[in-house]
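Q: I have a structure to read and would like to learn how its features are described. Please take me through them one at a time.

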Amino acid sequence: MENTMIKRKAARIAFIRSNTFQRLLLIAVLILLYAFFCAASPAFRRYTTLAYICNNMYYTLLLAIGVTFPIITGGTDLSMGTGLICYSLIGSYLMRMCGWPLWGAILATVLMGAAMGTVNGFGVAKLNIPPFIMTLGSMMFCRGMGSILTGGMSGTWPNYLEPGAGFRKIFRLVITADSGQRIPIPLGMVWMVLLAVIMTAVLNHTRTGRYIIGIGSGREALKLSGVNVVKWNMIAYIICGLFTGLAAVAYAGTFSNITPGEGAGFELNAIGAAIIGGTSMTGGSGSVFGAFLGVLLISLLQVGLPFIGLNANWQLLVTGCILMGAVTIDRLRKP
Amino acid sequence: MEDVILTMKGIDKTFPGVHALNHVDFDVRRGEVHALMGENGAGKSTLMKVLTGICAKDSGEIVFEGRTVEFRSPGEAQEAGIVIVHQELNMIGHLTVAQNIFIGREPKRGLFIDDARMNKEAAKLFAQLRIDIDPKETMSNLTVAKQQMCEIAKAISHDAKVIIFDEPTAALTENEIEQLFAIIQDLRAKGYGIVYISHRMDEIKRITDRVTVMRDGQYIGTLITAECTKEDIISMMVGRVIYEDPKTENRCPPGAPVVLKVEHLNAGRLVRDVSFELHQGEILGFAGLVGAGRTETARALFGADPRDSGDIYIDGKKAEIHSPRDAVKAGIGYLSEDRKRFGAVLQKSVAENTTLASLQKFMKGIFIDKRREAGTAAEHVKALKTKTPDVEQPVKNLSGGNQQKVIIAKWLVSDARIMIFDEPTRGIDVGAKQEIYELMAKLAETGKSIIMISSELAEILRLSDRIIVMCEGRITGEMDIADATQEKIMAAATREIDQQRQAGAKEGSRP
Amino acid sequence: MKIRIERFRALRPVRAVGFSRVVLTLVLILLCLLFQALSAIVNHGSVFLTYERLISAVNYGYFIGFMALGVTFVIATGGIDFSIGSVMFAAGLISGYCFRHYGFPMAACLVMCPLIGMVFGLVNGFLVSYVRLPSFITSLGLMQIAKSVGSLFTRTQNVSWPGESEAGGWFRSLANLKITLSGGRVLNIPTGMILLIAVAVLCSVVLHKTRAGRYMLHLGSNREAVHLSGVDTRRWEILAYVICGTLAGFAAIFYVSCYTTVLPGKGDTFNNEAIAACVMGGTSMAGGLASILGTLIGTQMIAVMQEGILAMGLSISFQYALTALILISAVIADISSRRRN
């Protein structure tokens with residue numbers, strides 16, 4: 001009798017510690033927060049705000065999905081934010097100054113991300129440089145490089161009136177209703193969900209994902225099983241780099257201006273989101289879906305706070321606190 | 001013999017300072033369980049490491065299925081069909097059982113891993129072994145016993161021909177051991193060659209066919225289990241030769257005051273209801289097998305690990321020890337078995353390490369009085385005959401024995417009255433061992449009280465005034481040096497299991 | 001063995017300073033000469049090593065220097081602090097705003113700077129040593145918080161500290177004391193350099209002569225061994241972060257006295273330069289080894305590089321990229337030298 005009680009209690013504690021619980025909690029918080037903003041501000045209730053939230057979060061979402069992989073190996077990537085700006089700046093430069101076609105610029109942007117990921121991966125996996133130092137270096141490198149190559153000028157990608165503007169429709173489709181009202185449709189969300197599903201599959205159902213989890217959870221055991229640990233550790237960073245490249249395209253596709261020197265801090269939102277979503281800082285477990293939810297939370301706050309009269313500085317404060325809070329929870333959840 | 005599947009002949013292996021394996025012979029037949037026995041440090045693990053390609057041998061020959069082989073990595077040995085079920089389990093906690101079993105060779109369907117097939121294959125393996133484990137369960141949720149069974153399943157799935165069990169029952173409960181034995185017997189019947197490393201005499205008697213005994217890196221002999229007694233094996237293990245003169249009488253005067261009293265100490269799985277007393281000027285030896293809970297007792301006593309319950313009295317007064325800081329204040333010093341991790345700050349100098357635990361004594365105002373520090377360090381270097389060019393030398397440049405002396409100096413400087421030596425001579429060469437022994441004896445003479453944890457019986461018998469034997473977290477024997485023999489200690493170190501087996505038979509399971 | 005030690009004894013004076021630091025100084029001089037040559041080529045015969053440039057480089061070295069000195073303590077314990085740049089700016093913003101809008105006396109504002117830094121250091125240190133969070137994450141979070149606190153306090157306005165002729169402008173002589181000579185010539189005495197060296201000496205004393213420094217270094221080498229020797233590791237670890245934060249706040253005074261204006265939401269680029277200066281100077285990322293003198297030389301290298309890049313007419317972006325390369329190569333050098341041992 002007593003035994004079953006203890007068992008039940010243990011099961012309850014295990015559940016509270018589990019990622020499922022954290023995600024359920026997160027969903028509840030999301031709903032409550034949305035309801036709160038809706039109640040506090042009539043303007044927030046509009047459909048366009050919702051569309052705006054979506055539009056605003058694509059790049060963070062891609063970064064968060066990407067960084068989940070290095071975090072699962074027990075590492076991190078700090079170069080994503082400035083990298084994103086760097087790649088999309090260079091992309092725009094290639095298009096505007098070198099006459100590259102749009103698809104060429106998109107491809108180059110994504111590949112630049114992957115290349116930087118490879119460099120990070122090489123430094124971390126092969127040279128054993130602590131991940132946060134290695135990626136800090138590439139963060140600074142990207143910050144400088146983007147400006148150097150473009151001469152410190154802002155970059156733009158084709159806007160709605162130019163040829164090639166079609167690529168913006170990938171993310172935001174505007175349809176004109178019969179009444180003449182223009183309704184934005186956050187089409188990008190579809191691709192994001194699709195990518196999240198694909199990366200969840202990669203994480204849970206391919207060798208790549210399995211070995212990346214293995215590296216974070218039992219590196220030695222994996223090595224003894226004859227798996228090339230260096231290679232798969234590198235691949236985690238390459239995936240992250242690739243997604244940073246994609247995020248650069250999403251950023252270029254949703255915002256009109258790319259300013260050199262921006263971007264620092266994007267990676268912190270992404271890392272914070274991943275950790276809130278249940279990806280452990282110590283490695284070994286993580287969830288793409290959780291990162292997705294984490295980004296929703298951060299974006300909701302970013303967009304919602306101005307509606308209740310709190311400016312961008314509060315956003316910064318809140319995201320900083322969320323990052324710290326998420327790590328503290330992660331720490332406390334581990335006995 | 002045609003049913004011999006594996007032969008190791010004249011295996012020789014030297015580590016710096018240690019002749020770990022000295023022309024050892026060993027063979028395994030199809031369908032037998034062959035026990036490999038010996039004290040800690042006898043060379044069993046090294047022999048198995050050589051076999052599975054974790055270390056390279058210096059000389060000798062390994063013949064497997066009629067071919068001379070040389071494995072360069074555990075992977076190659078696995079491929080050939082020699083698999084080891086490790087004492088410390090090598091599992092990836094966040095993955096499921098099936099995922100662990102097939103790690104590194106996942107079946108694929110298209111782009112994806114065929115998890116369904118893996119689960120099915122794993123279930124088949126478990127059915128074959130008659131084990132009830134859900135292949136989809138996360139590894140870290142399983143008990144140690146079940147994790148071990150997964151390792152066995154993994155071994156079989158590798159198409160193994162020889163399976164090595166390294167102390168498989170060390171962390172298992174009674175029922176689990178029964179289950180394991182059933183599996184092993186099953187495997188034997190199917191023709192696998194099984195190497196079984198264990199300290200537990202009754203297990204050896206129960207499930208093995210032959211016993212090979214090693215001692216000090218040498219092959220002593222092989223017996224047919226059914227034709228020998230427990231005593232035969234023990235006498236082969238300890239040998240009749242005593243390397244150094246054992247102590248014959250308790251040198252500690254009968255009326256010596258009790259400096260440390262531990263009552264009903266409980267901490268985790270490996271410290272259960274431990275009570276003992278330590279007298280002034282006494283060397284109290286803690287004997288037992290690896291994993292008997294001696295280090296854990298020391299760490300709990302020292303405040304390095306949390307205590308569940310129990311009281312500690314120093315000089316008759318109850319001491320509140322909740323952190324190493326409290327322990328040091330109370331006059332206890334702990335010399336860890338793992339000097340590199342827990343003992344010395346290797347990068348730093350002899351002088352800095354000497355004053356590490358009592359730096360507050362070397363302050364002149366807010367500054368460290370480096371001259372006094374160096375002076376004290378030099379004094380201790382001289383007194384302990386530490387071999388170092390000067391006290392500014394980083395400790396990492398010193399040999400193991402001299403590193404140990406620096407750590408001893410650290411506790412002497414901090415005025416520790418109670419010193420806990422955990423495996424004081426591990427990794428120290430023979431000549432230096434002698435010096436450490438003399439040093440410890442001298443410390444006891446000058447009134448220090450010493451707890452010495454050692455897995456080497458000769459060391460225990462040579463130094464201790466009194467001996468406490470632990471097994472499975474409990475004290476299973478306490479004897480005066482005058483009454484102690486190697487056989488008695490060995491018997492006590494394995495006693496718990498025998499008693500529990502009897503108790504287990506009555507109760508069905510143990511809590 | 002014996003002979004080798006004897007031979008090394010002859011090198012004692014060099015060893016005392018540290019071989020790497022001698023090399024580093026040589027590199028610093030070479031770097032100056034290189035810029036001298038390069039700027040002559042690029043800018044058609046102009047000279048790099050002018051008095052103004054030197055002063056400018058030295059000015060840049062002040063605030064980077066104070067931050068680098070602080071972060072040396074944290075790196076010595078095996079941690080890292082990414083928040084220093086933003087903390088410096090937050091201190092400059094908040095105390096400058098108090099001066100401008102609340103009429104605080106200048107002296108009080110100057111005291112406020114290190115105090116604000118100390119508070120941030122305390123928070124960071126608490127999270128690292130007591131809650132046992134990884135320092136790189138807590139300091140990144142704190143970086144965001146410092147940025148936002150500074151901006152919130154000043155309502156996202158720039159804060160300009162008073163100029164030399166304005167009331168309260170005397171504080172600038174902390175960094176550069178300007179004396180007008182009889183002939184109308186202005187003599188610029190780099191008081192900041194004197195202060196930086198004084199603080200460096202103080203840091204060096206704390207790191208190498210006091211219990212706190214000793215334990216910080218030991219913590220970075222082998223935390224477990226120190227803990228098992230009965231040392232309260234948490235107390236010393238938190239102290240390292242407090243020192244780091246305080247010095248970052250102190251750096252703010254020198255930043256504003258050279259550059260007057262503090263922008264809200266910025267400052268995070270400087271911590272990388274401070275960390276790079278530290279690692280270049282021979283402080284090991286793995287902890288346990290630290291050199292104050294090395295940090296000082298590393299700082300000057302960063303400063304000269306920055307000045308050199310500007311002198312060649314290149315944008316500050318080159319500085320970022322170059323610092324990155326230097327940081328990574330310094331860490332690789334550190335790792336490989338440890339592996340050799």
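A: Start with contact: two residues are in contact if their C-beta atoms, placed from the backbone, lie within 7 Å. This is a predicted model, where local features need pLDDT of at least 70 and side-chain atom pairs count only at pLDDT 80 or more, while totals for chains, interfaces and linings use all residues. Residues are numbered from 1 along each chain as its sequence is written, and chains are lettered from A and ligands numbered from 1 in the order in which they are written.

Q: How many residues of chain B are in contact with chain C?

A: In chain B, 27 residues touch 18 residues of chain C. Helices (H or I, at least four residues) and strands (E, at least two) are DSSP runs, numbered from the N terminus. On the chain B side, helix 10 (324-329), helix 11 (339-343) and strand 20 (367-368) each supply at least two residues. Helix 10 of chain B gives the largest share, five residues.

Q: Which classes of residue make up the side of chain B that touches chain C?

A: Ala, Val, Leu, Ile, Met, Phe, Trp, Tyr, Cys and Pro count as nonpolar, Asp, Glu, Lys and Arg as charged, and the others, Gly among them, as polar. That side of chain B has 17 nonpolar, four polar and six charged residues.

Q: How are helix 4 and helix 11 of chain C arranged?

A: Two packed helices are described by the angle between their axes and the distance between the axes. Axes are lines fitted to C-alpha atoms, for helices over the stretch in contact, and angles run from 0 to 180 degrees between N-to-C directions. Helix 4 (residues 51-76) and helix 11 (residues 233-259) of chain C pack at about 175°, with axes 8 Å apart. These two helices of chain C are therefore roughly antiparallel (the term covers angles over 145 degrees). The residues of their contact divide into 20 nonpolar, two polar and no charged.

Q: What is the strand order in the open sheet of chain B?

A: Two strands pair if DSSP finds at least two bridges between them. In chain B, four strands form this sheet in the order 14-13-16-17, with antiparallel pairing. Strand 14 (271-279) and strand 17 (317-319) of chain B are the edge strands, each pairing on one side only. Strand 13 (residues 258-267) of chain B is joined to strand 14 of chain B by six bridges. B:Ala267 stands opposite B:Val271 in strand 14 of chain B.

Q: Which helix lies across strands 13, 14 and 16 of chain B?

A: Helix 9 (residues 294-302) of chain B does, running at about 110° to strand 13 of chain B.

How values were computed. Parallel < 35°, antiparallel > 145°, perpendicular 65-115°, else oblique.
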